[in-house]
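Hi there,

Here is the structure I promised to pass on. Have a look at it first, and then read on for what turned up.

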Amino acid sequence: MCCGLKRRFLLLYATQKGQAKAIAEEIWQQAGAHGFEADIHCMSEMDKYNLETEKEPVVIVISTTGTGDPPDTARKLVKKIQDTTLPPNHFAHLQYGLLGLGDSEYTFFCNGGKTVDRRLQELGARHFYNTGLADDCVGLELVVDPWIDGLWHALKEVFLLQKEKEGMNSAVDAVSSSLSAAPHIVHELNLSSEVQNLKLEDEGVKSSDVLSQKLVDISLVASNRDTEASLVHSVPPISQSALNIPALPPEYLEVQFQDTHGENPHLSSLVSEGTTFEVPVTKAVQLTREDAIKTALLLELDIADTVFDYQPGDAFCVMCPNNVSEVEELLRILELSEKGEYFVCVKVKQGSKKKGAARPQHIPVRSTLKFILTWCLEIRAIPKKAFLRALVECTSDLGEKRRLQELCSRQGASDYIRFIRDPNVCLLDLLHAFPSCKPSLNMLIEHLPKLQARSYSASSSNLYQPGKLSFVFSIVEFAACPTRPVSRKGVCTGWLAELVAPQLHTNRNTGDTNGGSCSTEKISIFARPNNAFHLPADPSVPLMMVGPGTGISPFIGFLQHRQKLREEHTDWEFGETWLFFGCRHQDRDYLFKQLRCFLENGTLNHLKVCFSRDSSSTAEVAPPKYVQDVIRLHAKEVARVLLKERGYFYVCGDKKHMADGVSDAVVDILSMEMEADKLEAMKFLATLREAKRYLQDVWS
């Protein structure tokens, strides 16, 4: 930059699970090498920046959470800019570039970023760089990396234009000539389902221009006997390529071991989202047969002695620990087995080069090492490239060091996806695969994200069962694979299953199918209200519910609630109710055969079921396999409820393999019944979503 001065820009991030923050920190680290100074702040720190008076360019990195909402850390700013009294030129002075993070598995892809982007535009702000929308479904880095590369050229152009306005034409000419070789990136980096073949070399930015990355010498050649790439082994061309690897993240924490005296903090201190309740598990029932492909459990919690409140359709969060054996194994590899019960003090390292360095909020001021690894850090998290880059520095074997460099490099992007991201490789897997890698404890605390509580839909009604809260889940299974030689269960579902295993064993031995009593075990929960996925306020409105597998969970609560209302208000008019349910086998995983009770008492008017793996050799016409097929068979009724009776349509369950198919079926039905083309039907479905009459609670 002219005169050797670094030009300032404001860098804001809003994150829910840490990804947006990590990307913003990467931008901050690279900025200095490009002649800029990034003034970085979390979007929630509104006392440290002011968009109303900001004169320099603003760069925003923002994720999406829930059903398309901005993250919690963006709520204050979003609420402020959505003030309808603001004039259309309120941000006319503002120039910004925005990078949105999302997952196209969900309906409202990158909606957090889109919401902020749209509102800033409405208030007169201007883009100095086109919006990037990165998709976690296929790999954020496919958009994030080239978006960051192009950012520096766009920022330089902003400052050049400012100098032109100041009359510094001679200085501008000199700098312009040095930039003439770099074409301006003008297209939006939006990796949607239609664009999945983005080539990094086509972004108009040479990898050598990224000054914060360094060239790595090639000192290793693949042996002739190794012809296939794997987590620990590469093949040409990457094994023979020079590599561009990320800048080494600066260390900023130090960990001091103390004594073994004291108490660990209460779990409630780890939660900032609301009040935590420790409640007993009073019932545990296995809903599936032993030979079912997936094992589904129903747990009932006693909330009678708490102020915990919920509506059918709400979700709540369960605080869960990491697997005990995995924590012990990690301590063993780190050679800290004897230190597990020691209390540690985590604080910021003096002289750290990390801007705004602070002890992570999810790390207690004082607790045992085992407590941190058990309750605070997501040790199953897929390591990000910045973490891999840090691990390079504590790996002694040259071959292992080179492979880690490849996996975090620009050239190794496809290997990273294939061998780390897609198979859900975690830190333990890496430490087993690269045995000479010996990371420090402070490095783990710096790079491993917060252990998140897991969300579940309520499967009960407080009106029907006062003081009780039930939920249903399938035990998640991760099969062994070449990059992970051991099978694993989900962090939370595996823990819950182990917690109630003695009760389930007792139930089997006694023949108790109702779940008995299991009041000795307790779990910690906190509320996560769903603002939309509720029964219609008007009970006379008809509703259709689609919930295959454990997706039926919230609808059990719906039906229980509706049954109680019918009993208490015999003079009310109640709308027609439909339930579409599906599973693999009728005799193995038909989760709630007592649905017939709701039919018999009139709470449920229509129950339509299908079984995808059952064969019916005697039937002349093959029965429908999936719920979307059953929905198509009832096209007239679906159209009547949605078009004529202004009914509600609910979908709960798997996004990719079910919810999208249901949505397609509804679009086809609307198109046929409205006698309109598919585009018009899709627009009408969008209006139903907007009116909260087509509601989804889905997961990937």
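This is a predicted model: local features need pLDDT of at least 70, side-chain atom pairs count only at pLDDT 80 or more; totals for chains, interfaces and linings use all residues.

Which residue forms a salt bridge with Glu378? The partner is Arg454, and the closest N and O atoms of the two are 2.8 Å apart. This pair links distant parts of the chain, with Arg454 in strand β16 (residues 454-457) and Glu378 in the loop between α7 and α8 (385-392), 76 residues apart.

**The overall picture**

The protein has 700 residues, and buried ones make up 52% of them. Its secondary structure comprises 19 helices and 25 strands. If you take the contacts between residues at least 6 apart in sequence, 79% of them join residues at least 24 apart.

A search of the whole structure finds 35 salt bridges. One of them brings together the side chains of Glu25 and Lys354, at 2.6 Å from N to O. Glu25 lies in helix α1 (residues 19-31) and Lys354 in the loop between β14 (343-348) and β15 (366-368), so this pair ties together parts that are 329 residues apart in sequence. Both ends fall under the 20% cut-off for buried residues: Glu25 has 17% relative accessibility, and Lys354 has 12%.

Another salt bridge joins the side chains of Asp149 and Arg410, with an N to O distance of 2.8 Å. Here too, distant parts of the chain are linked: Asp149 belongs to helix α4 (residues 141-165), whereas Arg410 is in the loop between α9 (398-408) and α10 (413-421), 261 residues apart. Asp149 and Arg410 are both buried.

There is also a network of salt bridges, which links Arg289, Asp291, Asp587 and Arg588.

Helix α6 (residues 324-333) packs against helix α7 (residues 369-376) at an angle of about 130 degrees, and their axes are 10 Å apart. That angle makes α6 oblique to α7. The crossing in which α6 passes α7 is right-handed.

Which residues meet where these helices pack? On the α6 side they are Val327, Glu328, Leu330 and Leu331, and on the α7 side Leu369, Lys370, Leu373 and Thr374. By type, the residues of this contact divide into five nonpolar, one polar and two charged.

Glu326 also lies in α6. Glu326 counts as buried because its relative accessible area is 10%. Apart from neighbours within four places in sequence, Glu326 is in contact with Ile379, Arg380, Leu428 and Arg488.

As for α8, seven of its eight residues are buried, so this helix is largely enclosed by the rest of the structure. The buried residues of α8 are Lys385, Phe387, Leu388, Arg389, Ala390, Leu391 and Val392.

**Backbone points to check**

Most residues other than glycine have a negative phi, and most peptide bonds are trans.

- Pro236 and Pro237 are joined by a cis peptide bond, with omega at about 10 degrees. Pro237 is in the loop between β8 (214-216) and β9 (243-245).
- Cys110 is not a glycine, but has a positive phi, near 55 degrees. Cys110 is placed in the loop between β4 (95-102) and α3 (111-122), and counts as buried at 1% relative accessibility.
- Lys692 has a positive phi as well, about 60 degrees, although it is not a glycine. Lys692 is found in the loop between α19 (678-690) and β25 (694-699).

Is Lys692 buried or partly exposed? Lys692 is partly exposed, because its relative accessible area is 46%.

Note on methods:
Residues are numbered from 1 along each chain as its sequence is written. Side-chain values use heavy atoms; hydrogens and water are left out. Axes are lines fitted to C-alpha atoms, for helices over the stretch in contact, and angles run from 0 to 180 degrees between N-to-C directions. Helices (H or I, at least four residues) and strands (E, at least two) are DSSP runs, numbered from the N terminus. Angles under 35 degrees count as roughly parallel, over 145 as roughly antiparallel, 65 to 115 as roughly perpendicular and the rest as oblique. A crossing is left-handed if the near helix is turned anticlockwise from the far one by less than a right angle, and right-handed if clockwise. Contact means heavy atoms within 4.5 Å. Ala, Val, Leu, Ile, Met, Phe, Trp, Tyr, Cys and Pro count as nonpolar, Asp, Glu, Lys and Arg as charged, and the others, Gly among them, as polar. A salt bridge is a side-chain nitrogen of Lys or Arg within 4 Å of a carboxyl oxygen of Asp or Glu. Buried means under 20% relative accessible area, exposed over 50%, partly exposed in between (1.4 Å probe, protein chains only).
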